[in-house]
Amino acid sequence: PDTPYYHEKIKDRGNRIVSVLCYLSDVPPTAGGATHFPLLGLRFLPRRGCALLWYNQRVDGDMDGRVLHAGEPVSSEGDKWGMNIWM
C-alpha cells in the first residue's frame, strides 16, 4: 500500500519476506473466492488444507511487484476462511 503509515512501519521493521496463505475452508468452484495474481496470470481456488507460499522480495531485497494479489469475492454459495502467515 502506498500510505505514510505503511512506509513508516516498513522503515522501522522491514517488509515481510515470505507470505503463506492457508485455506481453512473449501469454496465451491462456482462461488468464486480465488486468490488472483494478475501480473503472473495465476488464479488459485481455495481448497481446505492447501496453502500458497510466495516470496515478496527479490534476491536483491527489493519488493517483487509481480506478486501483487487479491482475493476475489465469494458469492452467497460459500464462505472463504483463510489464515495468513508472514515471515
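Analyst: The charged end of Arg16 sits over the ring of Trp86, 4.1 Å from the ring centre. A charge counts as over a ring if NZ of Lys or CZ of Arg is within 6 Å of the ring centre and within 35 degrees of the ring normal. This is a predicted model, so local features need pLDDT of at least 70 and side-chain atom pairs count only at pLDDT 80 or more, while totals for chains, interfaces and linings use all residues. Residues are numbered from 1 along each chain as its sequence is written, and side-chain values use heavy atoms, with hydrogens and water left out.

Stay with Arg16 for a moment. Arg16 lies in the loop between helix H1 (4-13) and S1. Helices (H or I, at least four residues) and strands (E, at least two) are DSSP runs, numbered from the N terminus. Arg16 has a relative accessibility of 34%, so it counts as partly exposed. The cut-offs are under 20% relative accessible area for buried and over 50% for exposed, with partly exposed in between (1.4 Å probe, protein chains only). Leaving out residues up to four places away in sequence, Arg16 touches Asn56, Gln57, Trp86 and Met87. Contact here means heavy atoms within 4.5 Å. Arg16 and Tyr55 are 39 residues apart along the chain, yet their C-alpha atoms are separated by 8.6 Å.

Now the sheet with S1 in it. Three strands form an open sheet in the order S4-S1-S6, with antiparallel pairing. Strand S4 (51-55) and strand S6 (82-86) are at the edges; each has a single partner strand, so one side of each has no neighbour in the sheet. On average, neighbouring strands of this sheet are turned by 15 degrees against each other, direction ignored. Angles run from 0 to 180 degrees between N-to-C directions, and axes are lines fitted to C-alpha atoms, for helices over the stretch in contact. Strand S1 (residues 18-23) runs antiparallel to S4, joined by five bridges. Two strands pair if DSSP finds at least two bridges between them. Ser19 stands opposite Trp54 in S4.

The structure holds two aromatic pairs. In one of them, the rings of Phe37 and Phe44 have centres 6.1 Å apart and planes at 85 degrees, so this pair is edge-to-face. Rings of Phe, Tyr and Trp (its six-membered ring) pair if their centres lie within 6.5 Å; planes under 30 degrees apart count as stacked, over 60 as edge-to-face and the rest as tilted. Phe37 also forms an edge-to-face pair with Trp54, at 5.1 Å centre to centre and 80 degrees between the planes. That pair links distant parts of the chain: Phe37 is in strand S2 and Trp54 in strand S4, 17 residues apart. Phe44 is partly exposed, at 31%.

Strand S2 belongs to another sheet. This open sheet has three strands in the order S3-S2-S5, paired antiparallel. Its edge strands are S3 (42-44) and S5 (70-71), and each pairs on one side only. Strand S2 (residues 35-37) pairs with S5 in the antiparallel sense over two bridges. His36 stands opposite Ala70 in S5.

Thr35 is found in strand S2. Its relative accessible area is 2%, so Thr35 is buried. The side chains of Thr35 and Tyr23 are joined by a polar contact of 2.7 Å. A polar contact is a pair of N or O atoms within 3.5 Å; within protein, one must be able to donate a hydrogen and the other to accept it, and residues adjacent in sequence count only if both atoms are side-chain atoms. Beyond residues up to four places away in sequence, Thr35 touches several others, including Leu21, Leu42, Phe44, Leu52, His69 and Ala70.

Finally, the whole chain. Buried residues make up 25% of its 87 residues. Among contacts between residues at least 6 apart in sequence, 69% join residues at least 24 apart. The C-alpha atoms fill a box of roughly 40 × 25 × 20 Å, taken along the principal axes.
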